[in-house]
Amino acid sequence: MRTIRTIDIKNAVKQAIYEACHNLNSFTLGLLKKAKETEDKELSKEVICQILDNASLAKEEHIPMCQDTGIVTCFVKMGNEVTVDGDLVKAINEGVREAYNDFYLRKSVADPITRINTKDNTPAIVHVQTEVSDRFVIKIAPKGAGSENMSKLKMLNPIDGIKGIKEFVLNAVKEADGRPCPPIFLGIGIGGNFEECAFMAKEALLREEGSPNEEIAKLENEILEEVNKTGIGPMGLGGKTTCLGVFINTAPCHIASLPVAVNIQCHANRHVEVKL
């Protein structure tokens, strides 16, 4: 058994938020650079160049890559051979509070009814999963409202099948159009129940490679191809690159239902993994 100190969790979360907001990950940068080469429309290519320039300036000048520095979601995987010496959620929120205050990040969290701002971007949304291991990992994703507001969830009928899933995803993308700042990423949750499919969709956005199995990989590729045929393009100005990646998570569901959630992520695909 090993013990993780809450102060180490706080400091790690604080630094991870800085990294996520200022330094676009190499995975996303690589896909954007590839898209720049494959775009054949001059305006579309120029938009992607501007996105890449923005990412470069954000890193060099230590300024957020987007003014909307999001609401923080944390996925914690905690092994049974690990213990925390205090309140885990409190430590995470302390890290969030310090990050948004000390790094002058925009504070965008407010009461849903009164709309009064909490003034420190807390509370974070924290999911804790246990496993048999000695690992302690936090995946941190500050996600803006522009893309989040375009996300969808629907309880399909089992008879709708793969065709119905594709139609739902494609319609969600078409309805969103240029508002989520494409090129986008799609996290899709299929199965489970109402809340689990949404959770799976959000968590899927943190994946950078590999698919659960060949069948899912095939569906991801088919959806990616169909979405890019819409011609929405970078920032909704037309082109071949509407979506950079599709990631699907699945879970068994009730025989009478087919829950599907689509979580749309903008090109500022911000996430960082912390291991303690």
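Guide: Rings of Phe, Tyr and Trp (for Trp, the six-membered ring) pair if their centres lie within 6.5 Å; planes under 30 degrees apart count as stacked, over 60 as edge-to-face and the rest as tilted. By this rule there are five aromatic pairs. This is a predicted model, in which local features need pLDDT of at least 70, side-chain atom pairs count only at pLDDT 80 or more, and totals for chains, interfaces and linings use all residues. Residues are numbered from 1 along each chain as its sequence is written, and side-chain values use heavy atoms, with hydrogens and water left out.

One of the pairs joins Phe27 and Phe247, which are tilted at 55° between the planes, with 6.3 Å centre to centre. Phe27 belongs to helix 2 (residues 26-38) and Phe247 to strand 8 (residues 243-251), so the pair links parts of the chain 220 residues apart. Helices (H or I, at least four residues) and strands (E, at least two) are DSSP runs, numbered from the N terminus. Both Phe27 and Phe247 are buried, meaning under 20% relative accessible area with a 1.4 Å probe, protein chains only. Ring pairs link Phe27 and Phe247 with Phe185 into a cluster.

As for the helix, helix 6 (residues 161-176) buries Gly164, Ile165, Phe168, Val169, Leu170, Ala172, Val173 and Ala176. What covers these buried residues includes strand 6 (152-156), strand 7 (184-191), helix 8 (214-228) and strand 9 (258-265), where contact means heavy atoms within 4.5 Å. Just after helix 6, Asp177 has a positive phi of about 55°.

Key
Buried means under 20% relative accessible area, exposed over 50%, partly exposed in between (1.4 Å probe, protein chains only).
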